Amino acid sequence: MEDNNTPTEHSVNDAEFWQKRYDDGYTGWDIGQVSPPLQAYIKHLLDNGVSKSAQILIPGAGNAYEAGYLHEQGFSHVYVVDFARLPLDNFAKRYPSFPKTHLLLADFFGLDPAQYQFDYIIEQTFFCAIDPSRRSDYAKQMQKLLKPTGKLVGLLLDKHFESNPPFGGDKQEYETLFQQFFTIDTLAPCYNSLKPRQGSELFFILSQKKIQNADIP
């Protein structure tokens, strides 16, 4: 997500902020394709016999190229959440066979863990779009939405920006945040990023700690 000439950071908490960006065509984070590192990870899952009925969430998905790719590979329980309507409508037009009930016009932070539980949650330019003051809330909500054997997988920006969004960070910051809630299986420089993002992405895999949700502060 390279789009960083925007109004105050607090407005990113509002659906209207992102809807206006789509309406205005101001979507510099959109790479127009499935991200190569995530495509490679999905291929890895397929090669290792992952069930195509796995429950998968892509939050803050935008145009959701990863969801489209998963759908093309035969995954039947992929969910997309965004609180801007336009990208969801565009996705529905591109993939008319995708279940409409799996396109959630909602705030990720408002998803009810009693209703939604996932084997995999895929992160792609969502973390860097939220106000940094909500990063602990992000981690807590992810922990609640994942099944006990679930994994949070994706990309994080290894870069800081002078204006926001995107909101950047670095490996040490992410380790400090996520180790409170997850076991960090992988957090390393991404070797197969798109050329414009080479050297500025970290690939990560987080697993549930063996504790109950009630123990999370």
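Biologist: Which residues of α3 are buried?

Modeller: They're E66, A67, G68, Y69, L70 and H71. Buried means under 20% relative accessible area, with exposed over 50% and partly exposed in between (1.4 Å probe, protein chains only). Before we go on, this is a predicted model: local features need pLDDT of at least 70, side-chain atom pairs count only at pLDDT 80 or more, and totals for chains, interfaces and linings use all residues. Residues are numbered from 1 along each chain as its sequence is written, and side-chain values use heavy atoms, leaving out hydrogens and water.

Biologist: Got it. Why is α3 called largely enclosed by the rest of the structure?

Modeller: Because six of the eight residues in that helix, residues 65-72, are buried.

Biologist: What covers the buried residues of α3?

Modeller: The cover includes α2 (36-47), β1 (56-59), β2 (78-82), α4 (85-94) and β4 (118-123). After α3 comes G74, with a positive phi near 100°.

Biologist: How many helices and strands are there in the protein chain?

Modeller: Six helices and seven strands. Those are DSSP runs numbered from the N terminus: helices are H or I with at least four residues, strands are E with at least two. Along the sequence the pattern goes α-α-β-α-β-α-β-β-α-β-α-β-β. Buried residues are 50% of the 217 in the protein chain.

Biologist: New topic! At what angle do α5 and α6 pack?

Modeller: About 50°, with the axes of α5 (residues 135-145) and α6 (residues 171-178) 10 Å apart. That makes α5 oblique to α6, because under 35 degrees is roughly parallel, over 145 roughly antiparallel, 65 to 115 roughly perpendicular, and the rest oblique. Axes here are lines fitted to C-alpha atoms, for helices over the stretch in contact, and angles run from 0 to 180 degrees between N-to-C directions.

Biologist: And which residues make the contact?

Modeller: From α5 it's R135, S136, Y138 and A139, and from α6 it's E173, Y174, L177 and F178. Contact means heavy atoms within 4.5 Å.

Biologist: Is C128 buried or exposed?

Modeller: C128 counts as buried, because its relative accessibility is 6%. C190 is buried too, with a relative accessible area of 12%.
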